[in-house]
Each structure stands twice: as structure tokens, then as C-alpha cells.
Amino acid sequence: MKVEFQNLSKQFEAGQTILKPMDFSDEINTLAIIGPSGGGKSTLLRIIGGLITPTTGRLWVDSKEVTQKESDLQKYRRQIGFVFQQGGLFRHMNAKDNIAIPLEQVHGYSKETASARAMELLERFGLKDDWKKRPAALSGGQKQRVAIARAIAPRPKLLLLDEPTSALDPEYTTEVLDVIRELKDEGMHFIIVTHEMGFARHACEKTAFLYEGSLLEYCESEQLFNHPWTGQLQRFLGKLLEWNV
Amino acid sequence: MMKIKKLFWVSEKENISHTAVLLNLLFVTVLWVALFWLSLNAIHVHLDFSFLKQFRIRIWDGFLVTIGLSLSSFILSFIIGILSAAGQSSPLLFIRFFCGIYVKFIRGTPLIMQIYLFFYIIGTAWGVSSRFAAGVMILSIFEGAYISEIIRGSLLSLDESQLEAARGVGFNRKQTLRYVIFPQITACALPALTGQFASIIKDSSLLSMIAVIELTQAMREISAVNLRLFECYLFLGVLYLCLTLPISLISEFLERRFQYES
């Protein structure tokens, strides 16, 4: 799917610049965005997802311009699946309702079809027996699997994941990444902001390195990890490797 | 020995058996009754409730007035509370200050002072002649300030991440309000609101000061005639408990029901 932006930037009201003006245009199937905290990764993902508006610039997804009017954005968001770092599930709804109610209300499914689709996905992600549980009763990994199920339930054309595993214990991280890997094998297009370098390298076709609001490197994952050519990326990867087994 | 200990002593994680509950409740009741009875004996009072039958219609009428006062005040104070909570985050500064000062003034002064102030000064000036209506208004203005804080607190408890998730799944403003904001603030505010209703019932007794013939005033009048002060006030307490006890049980139930946050 083609993602393109021109002169895209974001400044917050206090005046600090999160994203410096950047241009981008490429066909994206699976993309990882990596980089140190505060580099603008989540902000960029939110702009692509239509959750926040850029200060300058224009954005095209799937060759259609994403206009920054709230009513247009609402329609646009329906075609995108979003998974948040944590706290993304509605805490007053059980796992099934978290998936089924948006299907009913936003995508016009009937009650039965929405419920069947929710149960189908919960079963697929190994959560069939937990459908009645509210988020507080689920483990971190289970929560994220429900969140992914909710995001893909309406069959979005693009899935955006904002550090879906960074609040999780290592064993849960694996189970969540496995699910995303499976989706990739089925041909789901996604962009993931992640600190899991192994996942970026092996499960994503391309990787972008964002540093202090600038897109410093972008290419095939294998090449980016094998031959980092900016000092910033070399240092960033070096730091991550310091405590590797 | 262990078994007997278990009837009186619970460690944190254990379930409490029904026998232990009943036994301890009985024990506490006996203790209270004994304490009361000894105190009454010490001042040589012998309780005689036979007069109640004679005054039952007046007591019943007072009881109904108390319920009417409390219900009307609850509804009106709820509306005032919502308006004031919304007003406190209004972009119009004078509305924000108006609501802020209202809440601080009401919560910072005793109800009895407000009753006199509103009834004799403002009530007289604006020609409010019905004592019942004046009572409802005064009580609503008073409780509204507390309800305003309950609602404001539950609005503050709304997590930004929940609103972002609502946008993320494609909800529009109305759907966000209906499926996310409203259920979450209700869950947060409902137990406290129910508790506040019990407070309204108790606080309505102070309206006897401006001679609204509600339950307390009815009892005061009766006790002024037959001089059976102890019996009158004891029975008065029982009647208030009949109203407030079920409500506080409901409040506790709601609190458990909506406890979904870890």
C-alpha cells in the first residue's frame, strides 16, 4: 500500500518540535519504525492513523489524500486498525464487547454478525474462554491480543501498532509478536513502532529509523540492521546490543 | 480451640462463614442493647412506646414529607450538580468562578446557617411562601455543591487513553459519549451519588428549623406534647435508618458491581 507525505511536521502547542518537516513516498507492506524515545515515532504513527493532525504538510494513504477535517478523519479512521501501547481497551467492556460494539456501531454489523466475528477472533487468538472478562481481569499479553483482534475485526486496510509489547513481560511479548507475525503471513499491511529489534529485522520488510524528529534512515530491514550508516543508528543499535545474551 | 478462634478471628484472605457472621452480629447487637439499657437504667428512664399508636398518622405524614423532600431535592440537586460541574470547566471565566465560589461557599458553611440565610433573607425577598418548596430549594442548593464535586471527580477520572481508543476504533463524538464517557463516569459516580442520597435524607431533618413538618419536626412536636423525648428520638432514629440503611447497602453493592479497575 502506498504511503506518501510531503513536508509533514508536528509542533506541540508549547512550541516544541516533535517532527521536523519530512517527505516520504513508498509502497509499504510491513514497516517497523524504530528509534530512541522522544524521537517522534508515536507521533508519526498517530498522524498516519488520523488521530492527531500535523502542523504542516500533506498525507496520502493508498493514493488518497487524508484531509485533516474531523468528519473526514472519522471516516478515514474506520479503514485503519489501531493498537495502543496500553490502556487501549475500553475498561468497562468485556473482551467480546470491546470487539463487537465498534463493529456494530461504527461498521454497521448486525448484533449477531458482530458477536460471531468477535468470538471467531477471540477463539483464533486463544481467548475463547476469556470473552467475558474485562480488561482488568486479563493479563498484559491477553489484553494486547484482544486489542489486536479488535483492530483487525473490521478488516482494515492498514494496521498501526504503537509499541504493542513495550509494557509487557518478555513471555507475553513473544505471544503478541507471534500473532502479528501470523497476520503478516496472511498479507496484512502494518506499520509498527517497536523496540523489538529482532522483530523489526526479521518480520518487517522495511525499517525506518527516527531520531530527534527526523527520518535518518529508511530501507530494507536486513540492510538497515546489517549496514547502519549514520552514527546515530550505529550508536542506537550498539546500546541495545550491550546487554544482549 | 482453633474452631472457636475461627468464629471470631479472620485473616485477610479467608472467607467468613455464615455462622461466624451471625454469631458476631448477635454479639454486637446484645452489646449495644445492653449498653443502652444500662444507660437508661442509670438515669431511671423506663421506655414506653405506647403513645406511637395515637400519633401514627402524624408520624406517617412526616415520614412521607421526608421522602418527598429528599426525592425532590435529590433530583434538583443532581441537575444543579451537573450544571455546576460543567460550569467549573467552562471557557467563560465568570461562569467558572461563579460555580467555583458556589461550591466553596456551600461546602465551607454549615447547612443550618444556609437554611436561615436562604429562608429568611432570600426566601422573603423573592416571596417564596411554601415552606416545602423553600426546603427543597435550600436542600438542593446545599447538596448540589457536593454532587457537583462527585461529578467533577468522576470526569477527572476519565483516562485520556480511553478517549484516544474511542477515536482509534472510529467512534464519533456521540458514540464516544454514549459508549465510553457515559458508562465510565456513571460507574465512577453512581456509588457516591447513592451515598449522597442517604445524606440528603438525614440533612432534610434540619429543615425542621424552618418548620417544614417533615419527620423530625413531627417528632419534635409530638415530644413537646407528651414529653416522651427519649422514645420519640429513638423511634425517629429507627425510621431514618429504615430509609438510609437500604440505600447504603445499594451504594456498597454498586461500588462492588462497578469495580473493574485494577
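How many residues does the contact take from chain A and from chain B? It takes 18 residues from chain A and 20 residues from chain B. Two residues are in contact if their C-beta atoms, placed from the backbone, lie within 7 Å. On the side of chain A that touches chain B, α2 (70-77) and α3 (95-107) of chain A each supply at least two residues. The most comes from α3(A), with four residues. By type, the residues of this side are eight nonpolar, five polar and five charged. Here Ala, Val, Leu, Ile, Met, Phe, Trp, Tyr, Cys and Pro count as nonpolar, Asp, Glu, Lys and Arg as charged, and the others, Gly among them, as polar.

The model is predicted: local features need pLDDT of at least 70, side-chain atom pairs count only at pLDDT 80 or more, and totals for chains, interfaces and linings use all residues. Residues are numbered from 1 along each chain as its sequence is written, while chains are lettered from A and ligands numbered from 1 in the order in which they are written.

Chain A contains nine helices and ten strands. Helices (H or I, at least four residues) and strands (E, at least two) are DSSP runs, numbered from the N terminus. The radius of gyration of chain A is 18 Å, close to the 18 Å that the globule rule gives for 245 residues, so chain A is as compact as a globular protein of that length. The radius is taken over C-alpha atoms, and the rule is 2.2 Å times the number of residues to the power 0.38. Along the principal axes, the C-alpha atoms of chain A fill a box of roughly 55 × 50 × 35 Å. Of the 245 residues in chain A, 44% are buried. A residue is buried if 20 or more other C-beta atoms lie within 10 Å of its own, with C-beta atoms placed from the backbone.

An open sheet of four strands in chain A has the order β2-β1-β4-β5, with antiparallel pairing. Strands pair if DSSP finds at least two bridges between them. The edges are β2 (17-27) and β5 (64-65) of chain A, each with a single partner strand, so one side of each is left without a neighbour in the sheet. Two bridges join β4 (residues 56-61) of chain A to β5(A). Trp60(A) has Glu65(A) as its bridge partner in β5(A).

In chain B, helix α8 (residues 160-168) has the buried residues Ala165(B), Ala166(B), Arg167(B) and Gly168(B). Their cover includes α2 and β6 (80-83) of chain A together with α9 (173-203) of chain B. Just after α8(B), Gly170(B) takes a positive phi of about 95°.

Technical notes. A residue is buried if 20 or more other C-beta atoms lie within 10 Å of its own, exposed if 12 or fewer, and partly exposed in between; C-beta atoms are placed from the backbone.
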